[in-house]
Amino acid sequence: MFRVIIIICCFVLTQWMSSFAQIVLSPENFSQFLYPGAKPDPVAIKSLDQKILTTFPNAKPLKLTSLVTDVAWQKVVAYYTILTGIPFRQVGSHFLFTFTHRNGVPVDYIEVCPIEILRSSTDFWPARINLVLLSFPLQSVAISPQPASTTFHPLIGRLWYPGTVRDDLATLKMDELGNDAQVVVMVTDDAFEKVYAFFRKNYGRIYIVNGRRGDVMERDFEFDASNALATRKQGKELHIRVDENPLLVDREGNSERLQGKCLIQYILWPADAKALP
């Protein structure tokens, strides 16, 4: 009876919490999801790692652990129901709090299951807690990026931000936009405010779109710099976009979050091409 009451309460709490912003599991806040007082199980961690790599051979575990606690498993389920604010899915005796899926299989999740103790009531069995956060390599078609320093830098001039050129991300963007686009992608560790101040000073008024995914800020801005740099006279339209803590996704559904970074995209179009999609 105690177990039934706890499960019902968890469902009620899940429905109530669903109206609030959810916390997103990330490398930066992974430790916030560790159950208080729970201890790591090295043998279970190794086994869990091998199981995941068998299911997803291309996965790169960002964070992964298996914990045990003497606290009754029902209380642990209730704890994560309140902490995550997302519905759990029960599979047998396992309770899954899933943040993201891949082909219907959880890839970022918290799993709670009771540890069987012989000759003891199931209501008082302790709990095992598995926390898993995976990453998959981004895939893109074989498009040769334009030589950024020789072709783009002189054209962009004062709006060229001093960051790290990422040809791999430029290729991914050109895969998305098509053959008409020429792209240079810069990544910087500078704060979003500093990047915005640079473009505000060198271009003018820019509108910021405020966004958030769980507890991660995702502000961005985008503007057409064609007139400011007179690129239309050279047969080019130049669009510049900046994203804070961007989540990059490829055609296969692989994703990578550039946490703590800003992504700067310089996109050149033929002057007679359509505007950005």
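1. Basis. The model is predicted; local features need pLDDT of at least 70, side-chain atom pairs count only at pLDDT 80 or more, and totals for chains, interfaces and linings use all residues. Residues are numbered from 1 along each chain as its sequence is written, and side-chain values use heavy atoms, with hydrogens and water left out.

2. Second largest pocket. Its volume is about 450 Å³. A pocket is an open set of points on a 1 Å grid over the protein atoms alone, where a 1.4 Å probe fits, with protein on both sides within 12 Å along at least five of seven lines; lining residues have an atom within 4 Å of a point. Grid points are joined across faces, edges and corners, and the volume is the space filled by probe spheres set on the points. Of the 23 lining residues, Lys173, Leu247, Leu248, Leu263 and Gln265 lie nearest the centre. Helix 5 (167-177) is among the elements that supply at least two lining residues each, and helix 5 gives the largest share, five residues. Helices (H or I, at least four residues) and strands (E, at least two) are DSSP runs, numbered from the N terminus.

3. Strand pairing. Strand 2 (residues 60-69) runs antiparallel to strand 1 (residues 39-40), with two bridges between them; Lys39 is partnered by Val68. Strand 2 also runs antiparallel to strand 6 (residues 127-135), here through nine bridges, one of which pairs Ser66 with Asn130. Pairing requires that DSSP finds at least two bridges between two strands.

4. Helix 3. Gly85, with a positive phi near 70°, follows the helix.

5. Salt bridges. The count is nine, each being a side-chain nitrogen of Lys or Arg within 4 Å of a carboxyl oxygen of Asp or Glu. Asp189 and Lys261 meet at 2.5 Å, N to O, and are 72 residues apart. Asp189 is exposed at 56%, whereas Lys261 is partly exposed at 28%.

6. A salt-bridge network. Asp220 and Arg241 form a salt bridge at 3.7 Å, N to O, linking strand 11 to strand 12. Salt bridges with shared partners join Asp220, Glu222, Arg241 and Asp243 into one network.

How values were computed:
Buried < 20%, exposed > 50% of the residue type's maximum accessible area, 1.4 Å probe, protein only.
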